[in-house]
Amino acid sequence: MLSRRRQTDRVLLVIRRLIGSSDDELKSVACWALCYITHKSKENIERVIIMRICPQLVQLLGHPTLYVLNPALLAVNMMCYGDDFHLQEIIFLEVPWNLGEMTYCSCS
């Protein structure tokens with residue numbers, strides 16, 4: 001039986017592939033999945049950072065459709081519920097300043 005951490009890592013690998021897909025529906029579903037996985041879980045937020053999903057997620061903030069943009073923004077916001085390191089990781093990825101402020105304000 002796989003440990004909970006290994007199970008989460010496997011799911012995150014799939015999510016990382018889906019975010020990189022050319023299909024907007026898959027991108028949207030992957031972002032929603034990240035929201036659920038990272039909700040109130042500093043450990044899972046840490047796993048997302050380690051698995052290098054954040055850069056792909058931040059790139060989706062420039063997506064032209066709200067269908068992808070809304071869950072991507074919410075997922076970035078969820079990443080900020082961890083600790084200062086998690087927030088710093090998102091800001092380091094050059095989230096546009098106004099989005100960085102919005103996520104910071106919602107986390108304070």
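Student: Which pattern does the protein follow, read along the sequence?

Tutor: The predicted model has 7 helices and 0 strands. Of the 108 residues of the protein, 44% count as buried. Read along the sequence, the pattern is α-α-α-α-α-α-α.

Student: Among contacts between residues at least 6 apart in sequence, what percentage join residues at least 24 apart?

Tutor: A contact here means heavy atoms within 4.5 Å. Among the contacts in the protein between residues at least 6 apart in sequence, the share that joins residues at least 24 apart is 66%.

Student: How many Å does helix α5 reach from its first C-alpha to its last?

Tutor: Helix α5 covers residues 66–79 and has 14 residues. Its buried residues include Val68, Pro71, Ala72 and Met79. At 1.5 Å a residue, 20 Å is expected, and the reach of α5 is close to this, at 19 Å.

Student: Is Arg47 buried or exposed?

Tutor: Arg47 is found in helix α3, residues 42–50. Leaving aside neighbours within four places in sequence, Arg47 is in contact with Arg5, Asp9 and Leu12. Buried means under 20% relative accessible area. Because its relative accessibility is 9%, Arg47 counts as buried.

Student: How many Å apart in space are Arg47 and Thr8, C-alpha to C-alpha?

Tutor: In sequence, Arg47 and Thr8 are 39 residues apart. In space, their C-alpha to C-alpha separation is 8.1 Å.

Student: Which residues is Leu12 in contact with, leaving aside its neighbours within four places in sequence?

Tutor: Leaving aside neighbours within four places in sequence, the residues in contact with Leu12 are Leu34, Ile37, Arg47, Val48, Met51 and Ile53.

Student: How are α2 and α3 oriented to each other?

Tutor: Leu34, Ile37 and Thr38 in α2 meet Asn44, Ile45 and Val48 in α3. The residues of this contact divide into 4 nonpolar, 2 polar and no charged. The axes of α2 and α3 come within 8 Å and cross at roughly 135°. The two helices, α2 and α3, are therefore oblique.

Note on methods. Residues numbered from 1 in each chain as written. Predicted model: local features only at pLDDT ≥ 70, side-chain atom pairs only at ≥ 80, totals over all residues. Heavy atoms only, no water. Helix = DSSP H or I, 4+ residues; strand = E, 2+ residues; numbered from the N terminus. Expected span 1.5 Å × (residues − 1). Buried < 20%, exposed > 50% of the residue type's maximum accessible area, 1.4 Å probe, protein only. Axes fitted to C-alpha atoms, helices over the stretch in contact; angles between N-to-C directions. Parallel < 35°, antiparallel > 145°, perpendicular 65-115°, else oblique. Nonpolar A, V, L, I, M, F, W, Y, C, P; charged D, E, K, R; others polar.
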